[in-house]
Amino acid sequence: MAVFVGPVANKFLFTNVNNLLNVWWPPSVKKLMRFSLPQVVGDEAMRMRQILMTSADRDARKNYVDRMDLVAQNHIRTHWEGKQELSCRIFASIDEPVHISRLAYHFDIFLKRVIHFPTNLPGTTCYRAPKAANAIKEEIRLIARQRRAALDKKMESHKKIFYSSGKFLSESEIVDNLLLLLLASHDTTTALITCVMMYLGELPEYFLQTTIDCLWLTEQSDITKSKEPGELLKLEDTQKMRYSWSVVSKVLRLIPPIIGAFREAVVDFTYAGYIIPKGWKLYWSPDTTIKDPAYFPNAEDFDPSRYGGAGPVPYTYVPFGGGPRMCLGYEYLKPVILVFLHNIAKRFKWDSLIPDEKVTYNPLPSPSQGLPIRLQLH
Ligand code: HEM
């Protein structure tokens, strides 16, 4: 394996996909989602990405920001804990609570065990993950069949899940890709929200609005004031949350949820004088640039201009990767996080009970003590 470090290396890996290298995911992931996006390359990958991205294009986002708002409100009201309710509702339009809770049960087992050593002894991680994955796939398959039947009855609203560029996705592709979207979105989003809460909860006196970090709060309260009671958020509201997104961007930089990803050499090639043989795995990590003071001086300072205007040096701020295999969920994620932040800022102030709580990665980041916070209603 070769480890690639720095913006030039990132650029090389991101821009040579399909040419010298391709994405590579661990065999456990490949085995559980044989017909999903990480398994395909070139034009086929582009086609599949295009189809999957319809669930996050502007039209789709316009339609689901109010749903996100409702889900966030219900979630906060009832039980403030991680559930994959939102992803289920958006990607597969699953609203029935029975479906959601059945999926949640299996998904929990699947997620905890998806990255594992390939052993198949009863009781081990590897043994339970495929069973949970199959149970989820069965649920998704049932729903996909109902949607296909609805599509046959010309229900246009469901069409885009299955169809693009004149070609339908097969049932196995739909099932495996929905599982992939749930996998890729659930823990990453939860980890990011947790780290944002931790970061804000540790800001001294941040509710007194004495620091530039607090511009996001003013922005949020302006949006609250602009709404009638009960009126739900729209996509346009999330687009006004510029400072709030800068806070999220800072957290993505200080605690990137994904600490790296792989490529695989598809031919022998030379990089920086080293021969990389075909088949070698190539690793890149956002840490190598986003933690480098040469690109991000005064890392702890809140400076919204870092991400606006000309922005950071190309290929340095890469929490979502880059190039044709960049994270597919970026546009979807933005309103999810902002809507959630809006809902908590509207109701609560909070502070961390364990100052400077350590963050551990397994494989995603989480506060080592579970982030106990003191919540107070406004
Ligand atoms: C904090 C949240 C997230 C972070 C930091 C993140 C980061 C990443 C990174 C670093 C990659 C690898 C890119 C590469 O190999 O160059 C990736 C891939 C991917 N992400 Fe995300 N992600 C997040 C959320 C999401 C969400 C919400 C979704 C789904 C809606 C999603 C779907 C995907 C998919 C499908 C891929 C594979 C793309 C491909 O192979 O073409 N991600 N993500």
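Mentor: The axes of helix H9 (residues 171-201) and helix H14 (residues 330-347) come within 11 Å and cross at roughly 40°. This is a predicted model, where local features need pLDDT of at least 70, side-chain atom pairs count only at pLDDT 80 or more, and totals for chains, interfaces and linings use all residues. Residues are numbered from 1 along each chain as its sequence is written.

Trainee: Why are H9 and H14 called oblique to each other?

Mentor: Angles under 35 degrees count as roughly parallel, over 145 as roughly antiparallel, 65 to 115 as roughly perpendicular, and the rest as oblique. The crossing is at roughly 40°, so H9 and H14 are oblique.

Trainee: Which residues make the contact of H9 with H14?

Mentor: Thr189, Leu192, Ile193 and Val196 come from H9, with Leu333, Val336, Ile337, Phe340 and Leu341 from H14. Being in contact takes C-beta atoms, placed from the backbone, that lie within 7 Å.

Trainee: What is that contact like by class?

Mentor: Eight residues are nonpolar, one is polar and none is charged. Ala, Val, Leu, Ile, Met, Phe, Trp, Tyr, Cys and Pro count as nonpolar, Asp, Glu, Lys and Arg as charged, and the others, Gly among them, as polar.

Trainee: What makes E1 and strand E8 (residues 281-284) a pair?

Mentor: Pairing takes at least two bridges found by DSSP. Three bridges join E1 to E8, so these strands pair. They run parallel, and Ala2 stands opposite Leu282 in E8.

How values were computed:
Axes are lines fitted to C-alpha atoms, for helices over the stretch in contact, and angles run from 0 to 180 degrees between N-to-C directions. Helices (H or I, at least four residues) and strands (E, at least two) are DSSP runs, numbered from the N terminus. Two residues are in contact if their C-beta atoms, placed from the backbone, lie within 7 Å.
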